[in-house]
Amino acid sequence: MHLYEETKPKIFKAHYVRGIFPTDYQVVFKNIFELLEYRVNIQGDEEFIKFYPDSGEPVSLSYNEFHKLVARTANVLLKSDIGVEDRIATISHNHINTVIQYFAAWCVGATVVPINVNEEPDRIKYILQSSNTKLAFVHNQYVEKTKDVAKELGFKIIVHGDVEKIPQHLEYSRFEKLLDIESIDFTSSENVNQETEALIVYTSGTTGLPKGVVLTQYNLMIDADGISKWHKIEQGQTLMCVLPIHHVNGTIVTLMTPMFCGGRVVLCQKFHTDYFFKRLADENVQIVSVVPTLLQFLCHDYGKEDGGKSSLGTRRGTFLPVNLPNFRHIICGAGPLTCELASKFEDMFGLRIVHGYGLSETTCYSCYIPIDLSPEEHKKWQKDFGFPAIGTEIEPNEMDIQNDKGESMPEGERGEIVIRGHNVMKYYDSNPDANQKTFEFGWFRSGDEGFYKKDEQGRKYFFITGRIKELIIRGGVNIAPLEIDEVIMSIPEVKAGIAVGFDNDWYGEEVGALVVLKENIPPSSSEARSHGDRRMTLDELKNQIISKCRECLPFYKIPKVIIFSDYIPVTSTGKYQRNKVKHLFEGYKTVQFKESGNK
């Protein structure tokens with residue numbers, strides 16, 4: 001486990017929830033193999049998963065068919081000498097084969113290391129090396145990207161997908177050929193239990209090397225149980241997955257949760273605005289999980305229909321292109337949702353957003369907005385406190401706001417969001433320093449700043465104001481960037497915008513903003529003069545953004561520099577990477593910004 005001895009009891013303490021002992025397991029299944037067997041026995045002929053590739057026809061599998069392929073793949077792993085808690089990687093985009101590989105690994109007790117194929121090669125190599133990966137399932141599209149590091153690190157590759165396209169000189173095993181000959185008879189080892197390590201997800205940290213979050217089979221099942229209870233997901237109901245399944249949001253919400261409650265999965269290779277609503281209708285989807293970035297894409301693409309002259313808020317659902325009589329709500333989390341975007345989306349499409357919050361370290365979600373709020377209450381918690389509420393804690397865990405000494409903060413006071421419970425990770429892999437710091441006070445410390453407000457029933461509604469590590473510290477004063485984001489996003493000409501803290505000789509850090517404009521970008525001042533253009537210029541728009549911020553914020557919080565860009569970098573889960581754009585503001589390091597002379 002590679003932990004300092006004094007850290008172990010603190011991690012154990014962080015797994016308590018409301019007095020329930022960490023090993024007083026709250027699900028009836030010993031492992032995921034038992035869960036799969038149970039589902040096959042009671043609903044084997046029902047469809048479990050339907051996969052929509054970007055090209056070609058969709059593929060469907062019943063629980064029985066899925067189980068047979070999982071068993072065959074499990075035998076492939078055993079034949080490759082993969083045993084309990086051996087690490088195996090999956091290197092692919094969203095694919096039905098990858099889902100089979102996940103469950104096969106869990107059935108033999110192996111630990112899955114999902115790889116984001118869009119990561120830089122050095123980062124992929126670090127993850128594969130750090131995790132001590134012994135075998136990798138690789139979609140044929142990514143073999144060339146993988147073969148050299150596999151040879152260097154000495155792990156086996158099993159190729160799936162269109163294997164005929166693989167160069168013949170490569171050494172590999174053909175997944176489809178193996179499945180043709182492997183037996184479907186499989187029984188999980190007695191050594192596979194609740195504490196068996198199931199998943200290592202490497203965090204997409206803004207600085208430094210990624211940390212491997214180790215989750216157990218129990219973590220996956222108990223969080224799926226909590227999610228299904230909160231959203232009242234029942235046997236036979238359909239969830240759609242448009243998020244990458246290399247991340248816990250895609251894996252836990254839209255793969256494990258349907259399996260746990262006997263639901264159905266519609267798995268999309270990628271998110272496409274053109275197909276999104278139609279597929280919800282065609283597949284009779286009840287719930288879909290997204291990140292805020294996808295809501296922004298939908299608002300932008302469908303909002304173009306009225307030429308930018310929409311009277312949003314006057315008629316709900318104006319832009320919904322299909323009828324969705326059985327659709328319930330959209331789960332949204334894993335990124336910065338603003339009040340502005342949440343209200344805009346709900347007014348445009350008439351669909352409710354159930355905002356939530358969680359981290360890889362808490363398996364996935366830890367809290368949600370209640371799904372049964374009246375429209376008035378829903379809007380209150382979405383709009384009235386400067387940030388949309390992330391909700392109240394779900395059953396498997398407890399949440400609190402604490403200061404840097406581990407002391408609870410009073411209502412309305414900002415501090416660090418901390419979590420403890422049965423869905424908290426086992427530990428960070430091979431990182432004793434991170435474990436010691438993260439579990440310092442017997443809670444998992446999230447690194448996110450937030451506060452809570454109580455409702456009339458005394459329930460705590462939590463809010464997130466930003467990453468503590470991303471806080472802008474100007475002249476010794478902490479500034480939460482999301483507060484500035486809200487104002488920037490309220491400006492009509494802005495498509496997306498974030499506040500960025502940049503190095504400054506006068507205040508330590510100053511506030512800048514990186515902004516993406518909507519279509520019809522204004523001309524520069526010189527272009528406007530030479531062509532007699534009467535549109536607002538870029539310089540005038542910069543001044544307008546600063547003036548709008550000044551109306552809503554004190555001077556020390558407003559952006560002093562506005563930089564326009566074509567895009568804002570995000571992680572694969574839609575989180576803005578503020579620290580990656582700080583270099584754009586390097587030219588302003590020596591400038592002293594005074595209230596009477598903003599840049």
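A: Searching the whole structure turns up 3 cavities of 30 Å³ or more. A cavity here is a set of points, on a 1 Å grid over the protein atoms alone, where a 1.4 Å probe fits but cannot get out, and lining residues have an atom within 4 Å of a point. A volume is the space filled by probe spheres set on those points, with grid points joined across faces, edges and corners. Keep in mind that this is a predicted model: local features need pLDDT of at least 70, side-chain atom pairs count only at pLDDT 80 or more, and totals for chains, interfaces and linings use all residues. Residues are numbered from 1 along each chain as its sequence is written, and side-chain values use heavy atoms, leaving out hydrogens and water.

Let's begin with the largest cavity, whose volume is about 60 Å³. Around this space you will find Leu-337, Ala-342, Ile-353, His-355, Ile-369, His-378, Trp-381, Gln-382, Pro-388 and Ala-389. Strand β14 (353–358) and helix α13 (375–383) each provide at least two of the lining residues; helices (H or I, at least four residues) and strands (E, at least two) are DSSP runs, numbered from the N terminus. The biggest contribution comes from α13, with 3 residues. By type, the lining holds 7 nonpolar residues, 3 polar ones and no charged ones. Ala, Val, Leu, Ile, Met, Phe, Trp, Tyr, Cys and Pro count as nonpolar, Asp, Glu, Lys and Arg as charged, and the others, Gly among them, as polar.

Now turn to the second largest cavity, which holds about 40 Å³ of space.

How far can you trust the picture? The protein chain has a mean pLDDT (the predictor's confidence in each residue, from 0 to 100) of 90, and 91% of its residues reach 70 or more. Over residues 307–315, though, pLDDT stays under 50, and the model has 7 contacts beyond four places in sequence for them; contact means heavy atoms within 4.5 Å. Residues 528–532 also have pLDDT below 50, with 3 contacts beyond near neighbours in sequence. Where pLDDT is low, the predicted coordinates should not be read in detail.

Conventions
1 Å grid on protein atoms, 1.4 Å probe; cavity = no way out; pocket = protein on both sides within 12 Å on 5 of 7 lines; lining within 4 Å.
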